[in-house]
Amino acid sequence: MGDKQQDFGEGLFGAAFMALQDAASIIEPFGQLGGPDRDWRYLAVNPALQELLDVGDVTGQTLRHHFPDNFEKWTDDLERVLASNASEVIIRQRTISSRVLEVTLTPLAMGDRKAIMTRTRDITREHSDSQKRREADARYKLLFDSIDQGFCILEVLFDAEGRGNDYVFVEANGALAAQSGLEDVVGKRMREFHPDIEDYWPNVYGRIALSGVSERFEGQSMAMGRWFDVFAFPIGEQAPYRIGVLFSDVSARKEMEPTLVRSENRLHSLIEASSDLMFQMNADATLMEQVGGKPLLGNVGAASNWIERFVAEIDRVRVQQVVDDGIQRRQPFEIEHRFQTADGTAGWFDTRAVPVFGEDGAIAEWFGMATDITARRRVEQQLSHGTQMLRVASEIGKVGLWEWNVVTGEMTWSDEHYRMEGYAVGEVIPSYELWIERVHPEDRAATEVKIAKAMASGKDYVHEYRVSHPTGDIRWVSARGRFLYDEHGQPVRMLGAMVDTTERRREEEWQKLLVAELQHRVRNLISMVRSVARLSAPSHRNVDDYVDHLIGRLQAMGRTQSTLTRSPGRDVDLSELVREELLVHAARDDQAFVEGPIVALSPHAAEIVTLAIHELATNSIKYGALGDAGYIRITWTNEVKGGKNWVSLKWQETSPARKKKQGRRGFGRKLIEERLPYELHGTGTFTVHDTGVLAQLEFPLTDAPSILETRSVGPYRP
Amino acid sequence: MTDKTLSGCRIIIVEDDYYQAHDSKQMLEEAGAAVILVSSVVPDLAELQSEGRIDAALIDINLGQGLTLDFARLLREKAIPFVFLTGYDAGMLPEDLADIPCISKPADGARVLATLTLLAGR
C-alpha cells in the first residue's frame with residue numbers, strides 16, 4: 001500500500017490533489033465487502049481535510065480505526081456508492097463538533113482497483129440559515145393564519161390588452177374565508193367564485209403587478225356584497241409580480257359611516273350655526289387657539305395669550321382671577337367679560353372652559369366655548385337703565401307702580417305704591433286682597449267693576465277712587481292700568497300706575513270755592529254799594545258833598561277788600577287797620593293815641609270796623625279833634641265773656657270846641673249803632689259830649705266767618 | 001211798587017247783610033207786607049209761629065256763620081213758602097232743595113216781590 005501511496009504522492013496529480021482548496025481524500029476498501037472485517041483505508045488525505053477534521057495525516061490508516069462510532073454508517077454509504085458507481089452527496093452532522101458537513105462521494109476506478117474520492121465542505125452556516133428560513137416561513141404561515149385579516153397571494157391573469165381581468169389564488173390564510181366568504185381558494189380563479197366580479201379588482205391588481213407599486217385602498221364589491229380595506233403589494237423579483245393582498249371586511253363600518261357622517265355633520269352644523277367660538281388652551285390657560293365655531297375674534301391665528309390679546313383691559317384682572325381660581329380648584333370656569341379685537345370690534349363674551357386631565361392627574365389642557373352675548377348685555381343694560389330711570393321718575397313723580405300676575409296672583413308694588421297704600425316699603429307682600437282692602441268701602445264695588453271691565457275688554461283701566469289708611473287718613477288716587485294677554489287672549493298680567501290726587505282735588509275744590517267766593521263778594525259789594533249810596537243820599541243837601549262822602553266810603557271798602565285780598569284767608573290785625581285808616585285821613589302822631597292788645601279780626605268784622613273808623617275820622621276832621629287842635633284816644637281791650645272772645649274798642653275825642661252840633665243819625669252812626677249789632681252780633685254806641693265824640697264798639701270775635709277760611713278744613717270730602 | 005200786592009202778608013227775612021235786609025224790609029213793607037222778623041241768624045221757628053202765622057220767608061242761603069239749608073227744610077215741612085236769596089249760584093243748592101226759587105244778589109226788588117206774591121198765593 002505504501003508504494004501506491006508513494007505513487008500517488010509523487011507526480012503532478014498528487015501535487016494537485018494536495019493543493020486542493022476543498023477538503024478531499026481518496027479511500028480504498030479492503031477485506032470482504034459487507035463482511036465483518038470490512039474496512040476502508042485512506043490512500044490520500046489533503047491538508048484541507050486534515051484541518052477540517054482536525055486530524056493529522058491519516059494516510060494509510062483505516063476508517064474503523066479513526067471513526068469507530070460512525071464507521072458502520074459511512075461504510076454503508078461508501079459501499080452503496082461503490083456498488084452503484086454514481087456520485088452521492090451526503091449531509092451529515094458531526095457528533096463531536098456538531099458541525100454540518102456536506103460530503104460528496106465520487107467512485108474511482110483504476111483497472112480493477114476501486115476507490116472513492118471524498119470532497120467535504122463545512123456547510124454549518126448555510127445549513128443553519130436555511131433552517132432559520134424554514135422556521136421563519138413556518139412562523140409567517142402561523143402568523144398569517146392567526147391574524148384576523150385576510151391574506152392571499154395572487155397571480156394576475158391579463159387580457160389581450162394587457163389589463164388584469166382575473167387572478168389565481170396562489171396562497172391564502174385561514175381568515176380569508178371569514179373576510180371574503182370564499183373557501184378553499186388556492187389554485188382557483190376569482191371568476192370561478194364570482195364571474196361578475198367588478199373589473200376594478202383585477203384591474204388594480206394588474207396595475208400593481210406591472211408597476212410594482214403597492215397600493216392601499218378601500219373598495220366595494222357589489223358582486224361580493226362587501227366593503228374591503230385593502231393593502232396590495234408586489235411580491236417577487238420582476239414584473240409581472242405576484243400580488244400579496246392583506247385585507248379586511250369593513251362592510252359594518254361602512255354601513256355605520258353614513259350615520260356617523262350625518263351625526264358629525266349635524267354636530268358641525270350645530271357648532272357653526274351657534275354663535276359660539278370653540279377653543280383649546282394650554283394647562284395654565286394662557287395660550288388659546290380656536291378649534292372651531294364662528295370666527296368671532298376674526299382670524300385668531302396661532303396660539304396666543306388670549307387675556308392680553310382679546311379681553312378688554314377693564315376686565316383683565318377679573319378674568320385672570322376667575323381663570324386662576326379654576327386652575328387652582330381644577331374646576332370649570334365661566335365668566336362674562338368684554339372683548340376687543342385688533343380691528344376694533346368690541347363686545348361681550350360668555351366664556352366657559354373645562355379642564356382636561358392627563359394620565360398623571362394634572363390638567364393637560366382646557367377646552368372651552370365663548371358665546372357672543374353682546375346683544376343680550378345691551379338689552380340688559382338698556383333694561384336696567386330703563387328700570388332705573390323708571391324708578392327714579394316714579395319716585396320723583398310720586399307715581400305708584402304695580403304689576404299683577406293674573407295667573408299666579410303675584411303682585412309687585414313700587415316703593416311709592418306701598419306708601420300710597422299706607423304701608424312702609426316692603427312691610428307686606430302685595431296682593432290683590434291687600435289692595436282691595438285699602439280701597440274706601442264706598443268705592444270698592446265700583447273699583448272692582450272697573451278692573452273686571454278692563455280685564456274683559458282690553459281697554460285701559462282708568463279710575464279715581466279713595467284709599468283708606470289705617471290712620472283714618474283718606475287719600476284720592478287716580479289710577480291707570482292695562483292688561484296684557486297671552487296668544488289665546490287670556491289675561492296674564494296687569495301693569496299700572498297711580499298718582500295721589502288728594503292735593504289736586506283739594507286745590508280744584510279750593511279753586512271752585514274761590515270763584516264762588518269772588519262771585520259772592522262782588523255781588524255783596526254791589527248790594528252794599530247800592531245800599532251805601534242810597535243811605536248816603538238823605539244826609540247831604542248838595543251833590544258835591546254826597547259824591548265826596550260816597551267816594552270816601554267806597555274807598556274805605558276798597559281798602560278792606562285789598563287788605564283781605566293781600567292775605568286771603570287770614571285775619572286782619574286790628575291795630576294795623578286803625579293806624580292805616582288814621583294815616584289815610586292824614587292824622588298826625590301827636591293827634592292820636594292808639595293802644596290795645598293784638599286782636600285778629602275776621603274779614604267781615606274788619607270790613608265794618610274799617611268803615612266805622614273811616615266814618616269817625618271823616619266826622620272828626622269835619623267837626624272834631626282832627627280838624628282842630630284836639631286829641632283822640634283809640635283803645636281796645638280783649639276779654640272772654642259768656643264763652644266768647646269779645647273785643648271792646650273805644651274812640652274818644654277830646655276837642656276844645658265843637659264847630660257844630662250833630663243832630664240827625666248819619667251814615668256813620670247807623671253803621672255803628674245798627675249794622676254792627678246786626679251783622680257782628682255786638683253793640684255799638686255813638687254819643688256826642690261837650691268834650692267830643694265817644695264811640696264804643698263791642699262784638700265777639702268769630703271763627704271762620706268767611707268761606708275763605710274753609711281752607712283749614714280737614715281731609716277733603718266730596 | 002205802589003200796589004199793595006202783599007197786603008196783610010206776614011213775612012220773615014233771614015239775611016246777614018244789614019243793608020240787604022234793610023232794603024228788602026223796606027221794599028216788602030211798601031208792598032203792604034208785615035215784616036214780622038229781620039234776623040241775621042236762624043230764628044226759632046216754633047217760637048215765631050207761636051206768635052202768629054207766617055205766610056212767606058225770604059232767606060239768604062249763607063249767613064256767614066253757617067248755611068240755612070236745615071231751616072229751609074223745616075219751612076218746607078211746615079208748608080211755609082220761601083225764596084232763597086244768595087250771592088252764590090243756584091247750582092250750589094242740594095238736590096232736595098233744587099226746586100226752591102233762588103234769586104241772586106244784588107236782588108232785583110221787582111223779582112223778589114213777584115216771586116213772593118206768587119208763592120204767598122196773592
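How many helices and strands are there in chain A? I found 21 helices and 28 strands in chain A; helices (H or I, at least four residues) and strands (E, at least two) are DSSP runs, numbered from the N terminus.

I noted that this is a predicted model, in which local features need pLDDT of at least 70, side-chain atom pairs count only at pLDDT 80 or more, and totals for chains, interfaces and linings use all residues. Residues are numbered from 1 along each chain as its sequence is written, while chains are lettered from A and ligands numbered from 1 in the order in which they are written.

**Entry: burial.** I looked up chain A and read that 25% of its 718 residues count as buried. A residue is buried if 20 or more other C-beta atoms, placed from the backbone, lie within 10 Å of its own.

**Entry: the sheet.** I traced an open sheet of five strands in chain A, with order 7-6-10-9-8 and antiparallel pairing. Two strands pair if DSSP finds at least two bridges between them. Strand 7 (164–172) and strand 8 (215–221) of chain A are the edge strands, each pairing on one side only. Within the sheet, I saw that strand 6 (150–158) and strand 10 (242–249) of chain A pair in the antiparallel sense over five bridges. There, Leu154(A) stands opposite Ile243(A) of strand 10.

**Entry: two helices.** I then turned to helix 20 (603–623) and helix 21 of chain A, which pack at an angle of about 165 degrees with their axes 9 Å apart. Axes are lines fitted to C-alpha atoms, for helices over the stretch in contact, and angles run from 0 to 180 degrees between N-to-C directions. The angle makes helix 20 of chain A roughly antiparallel to helix 21 of chain A, a term for angles over 145 degrees. Among the residues making the contact are Leu611(A) of helix 20 and Leu671(A) of helix 21. I sorted the residues of this contact into ten nonpolar, three polar and three charged.

**Entry: chain A against chain B.** Which chain A elements give two or more residues to the side that touches chain B? I recorded 17 residues from chain A and 16 residues from chain B in the contact; two residues are in contact if their C-beta atoms, placed from the backbone, lie within 7 Å. The elements are helix 17 (502–536) and helix 21 (667–680) of chain A. Helix 17 of chain A provides the largest share of that side, ten residues.

Note on methods: Parallel < 35°, antiparallel > 145°, perpendicular 65-115°, else oblique. Nonpolar A, V, L, I, M, F, W, Y, C, P; charged D, E, K, R; others polar. Buried ≥ 20, exposed ≤ 12 C-beta atoms within 10 Å, placed from the backbone.
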